[in-house]
Amino acid sequence: QKSKRWPLADATIARLLEKLQKNQPKVIGIDIYRDIPQLPGEEALKKQLQAKNVIAIAKVGGVNDNVSPPPGVPTERIGFNNLILDPDNTVRRGLLYAESESEKYYSFALRLVLQYLENRQLKFEVLPNSPKIGNKLFNSLQADSGAYSLPDSEVAGWQTLLSYRSQEIAKRVTLADVLEDNIDPNLV
C-alpha cells in the first residue's frame, strides 16, 4: 500500500534484500515471482539475487503453467512454491520434493531449511520411502493417510500433512518497516 504499486518494482525488492543482508541472515527466501522484470531496478535486483543465502521461487506445472525463476539464480537456490489444493480448495498438504527421470525438484521450504542448516552438515538424501535430513525421516503422505482417500496420482512426490499452529512462530514485520529501518536487527 505504501509503495502504491503492484507488482513491486525490482528496485524496491533489491533495497529490501540489501537492508536484510546488513543483518547477516543465514537465509532469505523471496517468495515472489520475478521471471519478468518490473522496472526500474532490474540490474540492482539481479545483483542482490546473486547472494549465496538468497532462495528464489519457480512454479512447476504443465506446459503452459510454469513460471521460470529469476534469471541468473543457480538451480541449487531455486525452490518450487506450488500449493496442493484438496478437493474442497483447502491447503492441507505440503509437497517437499519430487523427481522425474531427468530432474529433481526441491520445494521452496525445503531449500530454505537446507540453506539454514548448511553449517550443521546434515546430509539431505532421498530414500526409497522418504526424504531424510540428518537422522530425521519425513514420512510420505499415503493415499489413506489421516482422513484421506485419494488416488495415487494425488500423492505423487513426497508430501506431508501440514501442521497448523495457533501460536505465533515468528514476529511479523512489514516491508515498509524493513525499508525504513524500523525493525530489531535480531529478528533477522
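Start by selecting residues 84-85 and 91-99: these are strands β4 and β5, and they pair in the antiparallel sense over two bridges. Before you go on, keep in mind that this is a predicted model, where local features need pLDDT of at least 70, side-chain atom pairs count only at pLDDT 80 or more, and totals for chains, interfaces and linings use all residues. Residues are numbered from 1 along each chain as its sequence is written, and side-chain values use heavy atoms, with hydrogens and water left out.

A quick word on terms. Strands here are DSSP runs of E, at least two residues, numbered from the N terminus; two of them count as paired if DSSP finds at least two bridges between them.

Now click on Leu85, whose bridge partner in β5 is Val91. Then look at the hairpin of β4 and β5, with its five residues between the strands, and pick out Asn89: this residue takes a positive phi near 65 degrees.

The hairpin joining β5 to β6 goes through four residues.

Last stop: the open sheet of three strands, in the order β7-β8-β9, with antiparallel pairing. Its edge strands are β7 (124-126) and β9 (136-137), each pairing on one side only. Select β8, residues 131-133, and you'll find three bridges joining this strand to β7. Which residue in β8 is the bridge partner of Glu125? Show Lys132 and you have it.
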